[in-house]
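Please consult the sequence and structure shown below while reading.

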Amino acid sequence: MNDLFRPNRNDALDRNRLDSPTFHREIDKQPRRRTHVRRRWGGRLFALGGFVLLAGGLTLGGWGNYALKQQVMATARQQHDFVPSLHAATVEANPATVSVTLPGTTAAFAAANTYARATGYIAKRNVDIGDRVKAGDLLAALAVPELDHQISQNEATLDQLKSALQQARANRDLAQVTWDRDSPLVQKGWVTPQQGDTDRLNLQSRAAAVAVAEANVSAQENLLKVLQQNRDYASVVAPFDGVITQRNVDVGSLVQGNAASGTFMFEIMQDNVIRVWVYVPQDSAFGVAPGIDTVIRVPELPDREFSGKVTRIADALQSGTRTLLTEIDLANPDGALSAGVYCTVELHIPRKTPSLLVPADCDHLQPQRNAGRRRQQRQGGAPQGESEARYRHAGRSG
């Protein structure tokens, strides 16, 4: 019975081993070993994938380099075996006249800026922008009361001077009568010589007084003419037939009649004849002369062409642009053209010397041929034209 309750030694050892810390540490280490094994295999797989990608990139790069090299070799072989084709063209004589189209600008045949010559207020204005006027039409009238007063005062002074002239003439006539009466008496001795000298000198004095009075009247009349002319400037009239393009005054405006700082009142342009300005470059200027035919076109009037002739040229090229100023006069009865319009001018310029007409393809290929020849010379080989000639000759021989 005591044996049943006797503890087994082996069982005690097993319990001690299970309760020991070493046993528990061994149990804790078993999962960690599995984790380290998984990490080791993942790193190997990642390295293997990177190696495969690197090998694939190197393979693709090498294949692309090889294909590019093959393409360059094929291009070089094609250029080496290239046989150029030549085009034949007929060289013709150039026509006697050449047509040159250049940009131009229209301008009024005559333009005038109207300034005030008298100082005053605008009392009447008869025109506005766009109105057509005739030469001598009244554009505006100025109120100049100060000038009117000066004219009245000087007219009164003139009347006084004229009265003084009449008085001087009467005194001269009286002296003349006295001398005519006393002169025979002096010769006969009935009147003393002293009295005769007095009458004679008195007559000369009266005659000189008449001359002075006449000069005063003449000077006053000239002064009145100046004042009347200034009064006429108060009426602003059109200098020629045209159209009003600017108006800078209105009724009641004060205008100054100073020559340096006068008031700019109106601008008038003559538009029945239009000038066209065109600058001809130097390569065409030597054939331009008055009388050559021209055709003027305006982009906004596609259905109309204006024919004219060169009227005048500057006879000297501008040093900055090497162009010749050329003017063309066009009749403009219907007012279709206005000043300041952009237009194109077609000039029919006669040639000074005969020339040949070469097709444009020849001029296009010649620079390429010359460039190829220069390239061959720089590389130390024969010119391109000579190599092509030898190649064509060898081809025909074969």
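**The chain**

The model is predicted. Its secondary structure consists of seven helices and 14 strands. The chain has 398 residues, and 23% of them count as buried. Its accessible surface amounts to about 27700 Å², with 54% belonging to carbon and sulfur atoms. Among contacts with a separation of 6 or more, 76% join residues 24 or more positions apart.

**The nonpolar cores**

The largest nonpolar core contains 30 residues, and Val133, Leu139, Leu142, Ile244, Met265, Phe266 and Ile268 have the most contacts inside it.

A second, separate core has 21 residues, including Val276, Val278, Ile296 and Ile328. In the largest core, Met265 is one of the residues with the most contacts. Beyond four places away in sequence, Met265 touches residues that include Thr114, Ile122, Leu142, Val236 and Val249.

**Thr106**

Thr106 belongs to strand β2, which spans residues 97-115. Thr106 counts as buried because its relative accessible area is 2%, under the 20% cut-off. A polar atom of the Thr106 side chain lies 2.8 Å from the backbone nitrogen of Val341. Val341 is also among the residues in contact with Thr106 when neighbours within four places in sequence are left aside; the others are Ile274, Arg275, Val276, Ser338, Ala339, Gly340 and Cys343.

Technical notes:
Residues are numbered from 1 along each chain as its sequence is written. This is a predicted model: local features need pLDDT of at least 70, side-chain atom pairs count only at pLDDT 80 or more; totals for chains, interfaces and linings use all residues. Side-chain values use heavy atoms; hydrogens and water are left out. Helices (H or I, at least four residues) and strands (E, at least two) are DSSP runs, numbered from the N terminus. Buried means under 20% relative accessible area, exposed over 50%, partly exposed in between (1.4 Å probe, protein chains only). A polar contact is a pair of N or O atoms within 3.5 Å; within protein, one must be able to donate a hydrogen and the other to accept it, and residues adjacent in sequence count only if both atoms are side-chain atoms. Contact means heavy atoms within 4.5 Å. Accessible areas come from the Shrake-Rupley method with a 1.4 Å probe; for residues, only the protein chains shown count as cover. A nonpolar core is a set of buried Ala, Val, Leu, Ile, Met, Phe, Trp, Tyr and Cys residues joined through side-chain atoms within 4.5 Å.
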